[in-house]
Each structure stands twice: as C-alpha cells, then as structure tokens.
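Me: Could you take me through a structure step by step? I am new to this and would like plain answers.

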Amino acid sequence: RVFRTPIEKHGDPAAQAFLSRRLKPFMLRRTKEEVATELPPKTIITERVRLEGSQRDLYETVRSLMAKKVRDEIAKKGLAKSHIIFLDALLKLRQVCCDPRLLKLPQAKRTKESAKLERLMEMIPELVGEGRRILLFSQFTSMLALIEAELDALKIPYVKLTGDTANRGEVVQAF
C-alpha cells in the first residue's frame, strides 16, 4: 500500500527514491574481484551464428508477427503501456534464436535446425579434448535440457547447477 501501488501503478518517483534510501543500508554489492579473487579475468569471445533454412524462416515469421502485434499494441495503448508486449516479442525472438523447440508454437515444433545448438555441439568436444572445463549459462532451463540431451548422446560427462539443485556444494566440487 505504501510503496507498491504508488511506484508500480502511479510511477511516483518520490516514493521510489524514498524506498531506495530505506533499502540502501541492506543492499550489498560486491564485484567478482572482491568475492572470487582466484578466478582469472573474464574473456569474452563473440561468435556470430547464422540462422539457416527453416529456423531462419521461423525467425522471420515470428519477427513479422510480433512486429505487427507490438505496433498494434502501441497504437492502442501508447508506448509507455506496451512494454510487456515488447518484452514478450523479444523473448520469443531470443527463443527462436537459441532453439526453435523453446518456442511454444506448432510451427516451431516442426523446425529441426538449431544453429546455436549445432555450433555448440561442434565446439564442446573440441574444448573438452583440450582438457578444458566449460561453464554454460542460459536464461532458459529448457535450453539446458536440450544441451543435456546432446551431451548424453555424445557421452560427454557434465554437472548441472540450477535453482533447484539441492546439493550445490557437491555439484560445484564435482565440476
């Protein structure tokens, strides 16, 4: 009543600032350098993966449908009240890019290509062969399940850590 309604429903900046000041003493922000000093610096390698065939066609179909849906929503409710539909459109496009099976649409189920998963499964055996350990992150737990099935098929051992993992310390130690 005091914070949620004024902030979420009315966009009250004064209530937001007051809440932020009240919470600041309880918020602890630390960097990796402060917490895990033994880790090497982060290395980022960007690799572009081109969508081909039916995956590209599906992406284009979803993109055009969602673009229309977003435009219609903006025309109906205005830009400020259309952010949920916009975020939903981005989510669906990201899902198609990761693997079409993540998208809950009948035409997505018929799409067999998955450029990112195929590229990942080319890279992993090579990296494991070099003696490397690999951390994979995904916002989509269903994507992790697809990767898990591929690793099983290749007989590559792995450990999986999710929010549901009970014995986290053991899993980290196993890694």
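Predicted model: local features only at pLDDT ≥ 70, side-chain atom pairs only at ≥ 80, totals over all residues.

Me: What radius of gyration does the protein have, and what would a compact globule of 175 residues have?
Reply: The protein has 21 Å, whereas a compact globule of 175 residues would have a radius of gyration near 16 Å. The radius is taken over C-alpha atoms, and the globule rule is 2.2 Å times the number of residues to the power 0.38. Along the principal axes, the C-alpha atoms fill a box of roughly 55 × 45 × 30 Å.

Me: What percentage of the residues count as buried?
Reply: Of the 175 residues, 23% count as buried. Buried means under 20% relative accessible area, exposed means over 50%, and partly exposed lies in between (1.4 Å probe, protein chains only).

Me: Which residues make up the largest nonpolar core?
Reply: The largest nonpolar core has 12 residues, including Cys98, Leu102, Leu117, Phe140 and Ile156. Helix 7 (115–129) and helix 8 (141–153) are the elements that give two or more residues to this core. Apart from this core lies another, of 10 residues, among them Leu58, Val70, Ile85 and Val96. A nonpolar core is a set of buried Ala, Val, Leu, Ile, Met, Phe, Trp, Tyr and Cys residues joined through side-chain atoms within 4.5 Å.

Me: Why might such side chains be found together?
Reply: In soluble globular proteins, nonpolar side chains tend to be buried together.

Me: What does Leu102 touch?
Reply: Leu102 touches Gln95, Phe140, Ser142, Met143 and Leu146, not counting residues up to four places away in sequence. Contact means heavy atoms within 4.5 Å.

Me: Now Ala89: is that residue buried or exposed?
Reply: Ala89 is buried, with a relative accessible area of 6%. Its place is in helix 5 (83–98). Ala89 touches Met66 and Val70, not counting residues up to four places away in sequence. Ala89 and Val70 are 19 residues apart in sequence and 7.6 Å apart in space, C-alpha to C-alpha.

Me: And where is Glu126?
Reply: Glu126 is in helix 7 and is exposed, with a relative accessible area of 53%. From Glu126 to Arg56 there are 70 residues in sequence and 27 Å in space, C-alpha to C-alpha.

Me: Changing topic, where is Lys155 found?
Reply: Lys155 is found in the loop between helix 8 and helix 9 (168–174). Lys155 has a positive phi of about 55 degrees although it is not a glycine. Its relative accessible area is 71%, so Lys155 counts as exposed.

Me: What about Leu105, in which loop does that residue lie?
Reply: Leu105 lies in the loop between helix 5 and helix 6 (106–109). At 28% relative accessibility, Leu105 counts as partly exposed. Leu105 and Val62 are 43 residues apart in sequence and 10.0 Å apart in space, C-alpha to C-alpha.

Note on methods
Residues numbered from 1 in each chain as written. Heavy atoms only, no water. Helix = DSSP H or I, 4+ residues; strand = E, 2+ residues; numbered from the N terminus.
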